[in-house]
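Please look through the sequence and the structure shown below before reading on.

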Amino acid sequence: EDAASLVSDGTNLYAGIGNSSGEAEVWRYNGSTWTKVGGDTVNSSWLLTAPGPYERVTTMVADGTTIYAGLGTTASDAEVWKCTNCDSSPSWSKVGGDGSGTGGQSWSTGYEEVSALTIVNGTTLAVGLGTSAGDAELWTCATSSCTTTAGWTKRGGDATGSGGQSWTNAMEEIRSITSSGTVVYVGIGVTAGDADVWRCDLGGTCTTTSGWTQVGGDGLNSGWAASTYERVWSLLASGTTVYAGLGDTAADGEVWSCANCATSPVWTKLGGDGTGISGQSWGNTTGASFLYASSLSLIGTSLFVGASSGAGTSGAEIWHCDTGSTCSNTAGWTRVSGDYLNDSWGVFGMNGIKSMTTVGGKLYAGTGDDLAAATSNGNATVWEYDGTNWSRIGGQGKNSSWGYGHPTSTSIT
């Protein structure tokens, strides 16, 4: 059901798909044709049988032509796999998951999902885990030395949440990670009031019990209120500015920006709760009650926000605002997709912009529905936007891609 992740090596586009048992696959697009490069044991990748079958490629990150994929939604499925020479001669190896969790080994079995990945400062793979209470943990490994049993360090989670320590073991999930230089930002939460952003500098002291600062959530630094928002769905760093997409429940789909986030954080609400007309951002009057801002992307100073609604509703839209000019909750916004606008997708059962990325000045969006709507089959599509019009390039067999049975394209990076 999900195409849970998309990344680019600068030339090719990679889509991670799936949401049901055995559907976790990676596909590569060379500008004209899709090729399946991971899943179902293709190119020495993960199995269909035990310890699988894996449901989803939830997240991916590219390090040149090396692609890292994070798997899972069910117990013991949280694994990271590495594809070397993925552009030409793909070869997969498992580098994270099913370790002992001690002595440099990766996390133990039992974790459900690798929910976020990023490369920090070009040298360090950062991995966010979670689904269940106590699972929200951050692990890192040097990209030159990662194996399941060597090179790993647990950096965040299971602490007190005060005095420089990371968050407590009540937190369920790290849904988003971004970085600027050696500073890493982590978005956590699942339960109401848990949508927090934490910061740590991997270039200095950064352990589970030291070096951490909560910079967003709970009303901190002029940010969103406590006890309200469930999850930080997306994070995007641009220099010292960090953008955060929030939500989970009706009308919670908002975007905030954090100025000087590495030193003196100050949050400003940029989008959400508008009228959807006359330059205002999306809101309850735009045809759907938006639950979450599931994806963010930048082209220059142009910020694109993927706004998503509930299962079976018509709320898959992308909105645009120029952060270098007027960009506030009530001014500067334009809807660029959804409801067939600019030759984009329609509204039948399409509830989510699950991911976005940019390549060569173009915007790519993954659509779908991972919330079990009966109308979700066929919604796992990938679209290309040239600044004027949209064209579907993947899904439903387009350009030799995956077939109609994959309902969601949920993440593009």
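Strand S10 pairs with strand S11 (residues 138-142) in the antiparallel sense over five bridges, where strands are DSSP runs of E with at least two residues, numbered from the N terminus, and two strands count as paired if DSSP finds at least two bridges between them. In this pairing, Ala 126 stands opposite Thr 140 in S11. Strands of a sheet pair through backbone hydrogen bonds, either parallel or antiparallel.

This is a predicted model, in which local features need pLDDT of at least 70 and side-chain atom pairs count only at pLDDT 80 or more, while totals for chains, interfaces and linings use all residues. Residues are numbered from 1 along each chain as its sequence is written, and side-chain values use heavy atoms, with hydrogens and water left out.

S10 is also joined to S9, by six bridges, and these two strands run antiparallel. S9 and S10 form a hairpin with three residues between them, and Asn 121 in the turn has a positive phi of about 55°. Leu 129 in S10 is the bridge partner of Val 114. Strand S10 (residues 124-129) is mostly covered, since six of its six residues are buried, buried meaning under 20% relative accessible area, exposed over 50%, and partly exposed in between (1.4 Å probe, protein chains only). Thr 124, Ala 126 and Gly 128 point one way from S10, whereas Leu 125, Val 127 and Leu 129 point the other way.

Glu 113 lies in the loop between strand S8 (91-96) and strand S9 (114-120). Is Glu 113 buried or exposed? Glu 113 counts as buried because its relative accessible area is 3%. Leaving aside neighbours within four places in sequence, Glu 113 is in contact (heavy atoms within 4.5 Å) with several residues, including Gly 128 and Leu 129.

Lys 36, in strand S4 (residues 34-38), counts as partly exposed because its relative accessibility is 24%. Not counting residues up to four places away in sequence, Lys 36 touches Glu 25, Val 26, Trp 27 and Val 42. Lys 36 and Val 186 are 150 residues apart in sequence and 31 Å apart in space, C-alpha to C-alpha.

The table lists polar contacts between side chains; a polar contact is a pair of N or O atoms within 3.5 Å, where, within protein, one must be able to donate a hydrogen and the other to accept it, and residues adjacent in sequence count only if both atoms are side-chain atoms.

| Side chain | Partner side chain | Distance |
|---|---|---|
| Glu 113 | Arg 56 | 2.8 Å |
| Glu 113 | Thr 58 | 2.8 Å |
| Lys 36 | Glu 25 | 3.4 Å |
| Lys 36 | Asp 40 | 2.2 Å |

Ser 45 is found in the loop between S4 and strand S5 (57-63), and Ser 45 is buried, with a relative accessible area of 5%. A polar atom of the Ser 45 side chain lies 2.8 Å from the backbone nitrogen of Gly 39, and a polar atom of that side chain lies 2.6 Å from the backbone oxygen of Val 42.

Another part of the model holds an open sheet of four strands in the order S25-S26-S27-S28, with antiparallel pairing. Its edge strands, S25 (352-359) and S28 (390-394), each pair on one side only. Strand S27 (residues 381-385) and S28 pair over four bridges, and Val 382 stands opposite Gly 394 in S28.
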